[in-house]
Amino acid sequence: MAVVPQESIQQFEALIEEGFSAADESIKRTFQNIHQGYPQETLMRFLRAREGNVTKAYNMLIDCLKWRVQNNIDDMLATPIVPLELYRDIRDSQLIGLSGYSNEGLPVFAVGVGLSSLDRASVHYYVQSHIQINEYRDRVILPAATKKHGKHVSKCIKVLDMTGLKLSALNQIKLVTIICSVDDLNYPEKTLSYYIVNAPYIFSACWKVVKPLLQERTRKKIDVLSGCGQDDLLKIMDYSALPHFCCRRHSSSSDRLENYSDNCFSWDHPFHQQLYDYIKEQSMVCHTVEPEKHGSVCETLCEDTNTEVIAKSCGI
């Protein structure tokens, strides 16, 4: 990880102080939701995302803050996807979950790339769901991990399961590109490492298409592991934190694989139950539940943005 010079951080802080002096309160408020009490560390993330260029990092942060205000991102965790059946359809077709924590206290997110069909809801809902998980990670999970471990935890680890991957997955490249763009431009440097497991022979063909869409700093974080990746992952996390698809199918793990509470993609997994309950509780507190507006999140980004432009800047 590149070291950010203190001088660059000070220059960035000076630009922020000057820019925020005349900024709307909504900009200041959304910046607080981003940094969660660690503003300097947040500036370092944006600096790394722009190779240490202070001006580019500042512009990137300001664009991010404006995006958050324009799309009501601060209220995203008070905007449930309804009805429940629709949300469950999203969970069944956009496979992601929290399987546990690494030895260093970093949340381990599992992503079922190969078996995610992304065909049971509109693009709007998939993007909204993705942003909700990002916000829950940054505003709930990471602060809780920071408190538990007594040190600032600001990143996660992602394990990408390629089980069931087919060439037809490339049909969803537009949606994937939009989500990549959202992450790259507004949640930079939130993932320490990406581990790809259970890669079938078709993976190499798909990788040739996806790889050019990723920035170099993202590609350097990706590690393709042998088989289910269990042996390699056990070097950085306990067995209990392994995603279910990384557990070898022998007697000691068969019971776990059949237990829905250990399948982190399942609606019955504690992570998804807690996330949905949290969003419902927040919506009741804020009194902002307006079902008729659901699906409008990032409408401009999803429909009007040139996908090729997104792809050129895409990273995770």
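The dialogue below goes through several features of a predicted model.

Me: What does the secondary structure of the protein come to, and what share of the residues is buried?

Reply: The protein has 14 helices and 5 strands. Of its 316 residues, 51% are buried. Among contacts between residues at least 6 apart in sequence, 78% join residues at least 24 apart.

Me: How do I read the sheet, and in what order do the strands lie?

Reply: Strands of a sheet pair through backbone hydrogen bonds, either parallel or antiparallel. In this model, 5 strands form an open sheet with the order β1-β2-β3-β4-β5, and the pairing is mixed. β1 (96–101) and β5 (222–224) are the edge strands, each pairing on one side only. On average, neighbouring strands are turned by 25° against each other, direction ignored.

Me: Which way do β2 and β3 run, and how many bridges join them?

Reply: Strand β2 (residues 107–112) and strand β3 (residues 156–161) run parallel and are joined by 5 bridges. Gly112 has Asp161 of β3 as its bridge partner. β3 and β4 also pair in the parallel sense, over 6 bridges. There, Lys158 has Tyr194 of β4 as its bridge partner.

Me: Which strands does α6 touch?

Reply: α6 packs on the sheet and touches β1, β2 and β3. The direction of α6 makes about 155° with that of β2.

Me: Is β4 enclosed or open, and where does Ser193 sit?

Reply: In a regular strand the side chains alternate between the two faces of the sheet. For β4, 6 of the 7 residues are buried, so the strand is largely enclosed by the rest of the structure. Ser193 lies in β4 (residues 191–197). Its relative accessibility is 15%, so Ser193 counts as buried, the cut-off being under 20%. Leaving aside neighbours within four places in sequence, Ser193 is in contact with Cys156, Ile157, Lys158 and Lys221.

Me: How do I read the packing of two helices, taking α6 and α12?

Reply: Start with the angle and the distance between the axes. Helix α6 (residues 123–149) and helix α12 (residues 270–286) pack at about 90°, with axes 11 Å apart. The two helices are therefore roughly perpendicular to each other, as angles of 65 to 115 degrees are classed that way. On the α6 side the contact is made by Gln132, Ile133, Tyr136, Val140 and Ile141; on the α12 side, by Phe271, Gln274, Leu275, Tyr278 and Ile279. By class, this contact has 8 nonpolar, 2 polar and no charged residues.

Me: What span should helix α7 have, and how many of its residues are buried?

Reply: An α-helix has 3.6 residues a turn, so residues three or four places apart point the same way. Helix α7 (residues 173–186) has 14 residues, which at 1.5 Å a residue should span 20 Å; the end C-alpha atoms are 20 Å apart, so the two agree. Of these 14 residues, 10 are buried, so α7 is largely enclosed by the rest of the structure. Among the buried residues are Leu175, Ile178, Ile179 and Val182, and also Asp183, Asp184 and Asn186.

Me: Is Ser93 buried or exposed, and what is in contact with it?

Reply: Ser93 belongs to helix α5 (residues 84–93). With a relative accessible area of 0%, Ser93 is buried. Neighbours within four places in sequence aside, Ser93 is in contact with Ser116, Ser117, Leu118, Asp119, Arg120 and Tyr126.

Conventions: Residues are numbered from 1 along each chain as its sequence is written. This is a predicted model: local features need pLDDT of at least 70, side-chain atom pairs count only at pLDDT 80 or more; totals for chains, interfaces and linings use all residues. Side-chain values use heavy atoms; hydrogens and water are left out. Axes are lines fitted to C-alpha atoms, for helices over the stretch in contact, and angles run from 0 to 180 degrees between N-to-C directions. Helices (H or I, at least four residues) and strands (E, at least two) are DSSP runs, numbered from the N terminus. Angles under 35 degrees count as roughly parallel, over 145 as roughly antiparallel, 65 to 115 as roughly perpendicular and the rest as oblique. Contact means heavy atoms within 4.5 Å. Ala, Val, Leu, Ile, Met, Phe, Trp, Tyr, Cys and Pro count as nonpolar, Asp, Glu, Lys and Arg as charged, and the others, Gly among them, as polar. Two strands pair if DSSP finds at least two bridges between them. The expected span of a helix is 1.5 Å times one less than its number of residues. Buried means under 20% relative accessible area, exposed over 50%, partly exposed in between (1.4 Å probe, protein chains only).
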